[in-house]
Amino acid sequence: MEIVTKKHMMLFSGTAHPELSEEIASHLDVPLSKIEIRRFASSEDYVRADNSVRGADVFVIQTHCAPVNEHIMQQLIMIDAMKRASAKRITAVIPYYGYSRQDKKTLSREPVSGKLVADLLSTAGADRVVSVDLHSGQIQGFFDVPFDHLTALPLLEDYFQAQLGLSDLVVVAPDTGRVKVAERLAGHLNADLAFIYKRRSRHEAHKLERLDLVGEVEGRPCLIVDDMIDTGGTMVKGAEVLAEKGAGEIYIGATHGLFSGKAVQKIEEAPIKEVVVTNTVPIPEEKKIGKLTILSIAPIIADALRAVFEDTSVSETFHGENQP
């Protein structure tokens, strides 16, 4: 007798960014599965899926936004619950990967917290991980399970090409580490490339002595591209350097809009025309300033999850545009 089993996709959302999870579910035409998530008086999380997950292909969606530690722990508990309930395969969907900037030791006695998060996800029971625009691609090597590294570059490319139709554009890397990404975007937009070189102080850690610009920007619209905007310092200083060099309108394109501290105020006061980010992390209403445009990352994540579920190529889905 031949037994035929039918694959079953189940999506579960943590509490970090339920709106994005709903969007992803809508694009997949799969409802979010109900799950009970509550907190004890002692601040410990309790998680329990309302329905059976036995034999299901489970996707646990949780972005690692503030409070980062709480959201990471909640996702770990959700994954553990699914593993103990006999889910067939568990995929951790992490639009923004927490601790991604702590991917190596730069000083003695420092942790490599990005690796620790990877170990925790694997130990909890994740069989696969999907994330978007890691701060450092080497984080993929922290895992011994498949890792799908997606990119928001197609979204940014489509927006700046279709909505703004900029000509004589210069794509600017805010530091030497982002030159490769800026080069890819410049190639798609038929734009020139420039980059900002940060000269750091030899005497004071984390202090910049000066910023130097390499490239021709005078009188031309410029697009600074990066993976994230946190405190906004890098972007604002970059915009100021471009303005000093006589650049035209200055735009910012980034995947993750964290906007910590006084980032929004800095951007408001800077010579920046528009800031374009995606919704990998939730952005509060009070931070949605006039200069800010938010694009939805949901279609890109949904297409990747569909490919994972159907065991087809993720890179072919994005025409080779997922990250190396």
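Q: Which elements each supply at least two residues of the lining of the largest cavity?

A: This is a predicted model, in which local features need pLDDT of at least 70 and side-chain atom pairs count only at pLDDT 80 or more, while totals for chains, interfaces and linings use all residues. Residues are numbered from 1 along each chain as its sequence is written, and side-chain values use heavy atoms, without hydrogens and water. On a 1 Å grid over the protein atoms alone, a cavity is a set of points where a 1.4 Å probe fits but cannot get out, and lining residues have an atom within 4 Å of a point. Helices (H or I, at least four residues) and strands (E, at least two) are DSSP runs, numbered from the N terminus. Here the elements are helix 4 (153-164) and strand 11 (222-229); strand 11 gives the largest share, three residues.

Q: What volume does the largest cavity have, and which residues lie nearest its centre?

A: A volume is the space filled by probe spheres set on the grid points, which are joined across faces, edges and corners. The value is about 70 Å³. Of 12 lining residues, D133, V181, D226, D227 and T255 lie nearest the centre.

Q: Why do the buried residues of helix 5 line one face of the helix?

A: An α-helix has 3.6 residues a turn, so residues three or four places apart point the same way. In helix 5 (residues 179-189), V181, A182, L185, A186 and L189 are buried (under 20% relative accessible area, 1.4 Å probe, protein chains only). Seen down the axis, these buried residues of helix 5 fall within an arc of 135°, so they line one face; the arc is that of the directions from the helix axis to the C-beta atoms.

Terms used
Buried < 20%, exposed > 50% of the residue type's maximum accessible area, 1.4 Å probe, protein only. 1 Å grid on protein atoms, 1.4 Å probe; cavity = no way out; pocket = protein on both sides within 12 Å on 5 of 7 lines; lining within 4 Å.
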